[in-house]
Amino acid sequence: MSLSQPPLRSQQLIKQARQHIPGGVNSPVRAFNGVGGTPRFIQRADGAYLYDVDGQAYVDYIGSWGPMLLGHNHPAIKAAVLAAVEQGLSYGAPTEVEVRMAETLARLVPSMEMSRMVNSGTEATMSAIRLARGYTGRDKFIKFEGCYHGHADALLVKAGSGALTLGQPNSPGVPADFAKHTLTCTYNDLASVAAAFAEFPDEIACIIVEPVAGNMNCIPPEPGFLEGLRALCDQHGALLILDEVMTGFRVALGGAQAHYGIKPDLTTLGKIIGGGMPVGAFGGRRDIMEQLAPIGPVYQAGTLSGNPVAMAAGLAMLEAIQAPGLYEALNAKTAQVAQGLKTAADKHGIPLTITQVGGMFGFFFSREAHISRFEQVTACDLAAFKRFYHLMLEAGIYLAPSAFEAGFLSLAHGEAEIAQTLAAADAAFAQLKA
Ligand code: PLP
């Protein structure tokens, strides 16, 4: 079916969906509010492609927001899931596969001496922060503007009016009393973090940070930033939590902590360790993790946590990504796309800045050659992004429908898909210029 045809079935479905699902979607970004137009309803996915209900194929640069590192419908993961399903769907009791998962995590990410499984990234970060608070006996914690760690109350908080004022809820329903313990600092600005510690010495339980920010487009840490956070935590008796829900097993086999050589006290992981099934995990230093129930006083639980089907999918994924040369290949493909976008934009005189770490990349409609701060991201040309987005979509390229999300490649993206993407970008930039 031609890509220029209007997505009739998607149009029908979004109308129908809005009758019984708020906004027609189960997670806001899917509604296309950031770009306008009709969200595509997806029927199936395979390799590098998504197929919508109107029969159109798209080269996918979202990868289920990260986890599809091996491409969709990978045979090893599918086989593991089908085999697990044969054994029953959920037992609510310990299983051998959970032990293998915890052992695998400890081997691949050595800072995760112990880990606990949860069902989403939100649960992972929420639980890790509770544990850090319980371990240190302190209430406050630091996060960064532009980073996203899920939708737990304490994390839906924006900075107060002055740099060092207490946090304010950025969603109705979050009590101000909860938000006041959340301090929001500036990503890639160690001075803002040092100032928070100076203002509240002995009150800050932890820092939580995306080691490569993937929720304000893709912003790598400046040299020294993560090291500086580590040092400030050590100096002030606070814990460092690296939120590797996006970066884990994507920027390197050992995650961003291996890539940058930073040892966190706790790590949070998400979707990727479920190979596409709903999963998250948090883990880290043994003495901290042993504070968790049932051996310690910090409560945390989950009926479906460590679900056997999800564990089977995740283990198959973690097994497959240990293949030699896999990350070199992912890195090279991602660089080819990111550099190709830049070359095409340059050709047509469109100001574009790109970033890339491993299998994550970002592109910014901006004249600034180096982007490292949230305010630079918000200053980008959103109108240009929206036009580019729809031109790419019409050409069969499915990018994240928001200027504030990173792009993700998979091993299934081959020369043909990359060539299609760059040809589409060339034509789109030409139109933007016209
Ligand atoms: N942390 C990071 C870095 C994320 O990118 C996300 C979601 O994209 C989360 C946490 C929340 O994960 P979930 O959507 O699985 O709750």
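**The annotated lysine and its surroundings**

Lys271 is buried, because 23 other C-beta atoms lie within 10 Å. A residue is called buried if 20 or more other C-beta atoms lie within 10 Å of its own, exposed if 12 or fewer, and partly exposed in between, with C-beta atoms placed from the backbone. The model is predicted, so local features need a pLDDT of at least 70 and side-chain atom pairs count only at pLDDT 80 or more, while totals for chains, interfaces and linings use all residues. Residues are numbered from 1 along each chain as its sequence is written. The pLDDT is the predictor's confidence in each residue, from 0 to 100. The protein chain averages 95 on this scale, and 97% of the residues score at least 70. The model scores are ipTM 0.99 and pTM 0.97.

Lys271 is found in the loop between β11 (266-269) and β12 (280-284). Helices (H or I, at least four residues) and strands (E, at least two) are DSSP runs, numbered from the N terminus. In an unreviewed UniProt entry, the annotation "modified residue: N6-(pyridoxal phosphate)lysine" covers Lys271. UniProt positions are given in the numbering used here, feature names are shortened, and annotations may be inferred rather than shown by experiment. Leaving aside residues up to four places away in sequence, Lys271 touches Ser64, Trp65, Gly66, Pro67, Gly121, Val245 and Val279. Contact here requires C-beta atoms, placed from the backbone, to lie within 7 Å.

The ligand is surrounded by 17 residues, and the closest are Ser120, Gly121, Thr122, Gly150 and Val245. A residue is near a molecule or strand if its C-beta atom, placed from the backbone, lies within 6 Å of it. Helix α4 (residues 121-136) gives the most to this shell, with three residues. By type, the shell has four nonpolar, 10 polar and three charged residues. Ala, Val, Leu, Ile, Met, Phe, Trp, Tyr, Cys and Pro count as nonpolar, Asp, Glu, Lys and Arg as charged, and the others, Gly among them, as polar.

Some loops have backbone features to check. Phe32 has a positive phi of about 70 degrees although it is not a glycine. Phe32 sits in the loop between α1 (8-20) and β1 (42-46), and it counts as buried because it has 20 C-beta neighbours inside 10 Å. Asn73 also is not a glycine, and its phi is positive, near 60 degrees. The loop between β3 (57-60) and α2 (75-85) holds Asn73, which is partly exposed because 15 other C-beta atoms lie within 10 Å. A cis peptide bond joins Ala293 and Pro294, with omega about 15 degrees. Pro294 lies in the loop between α9 (286-289) and α10 (308-320).

The strands β1 and β3 also belong to an open sheet of four strands, in the order β1-β2-β3-β15 with mixed pairing. Strands β1 and β15 (397-398) stand at the edges with a single partner strand each, so one side of each is left without a neighbour in the sheet. Strands pair if DSSP finds at least two bridges between them. Strand β2 (residues 49-52) runs antiparallel to β3 and is joined to it by three bridges. Tyr51 stands opposite Ala57 in β3.

Notes: Contact = placed C-beta atoms within 7 Å.
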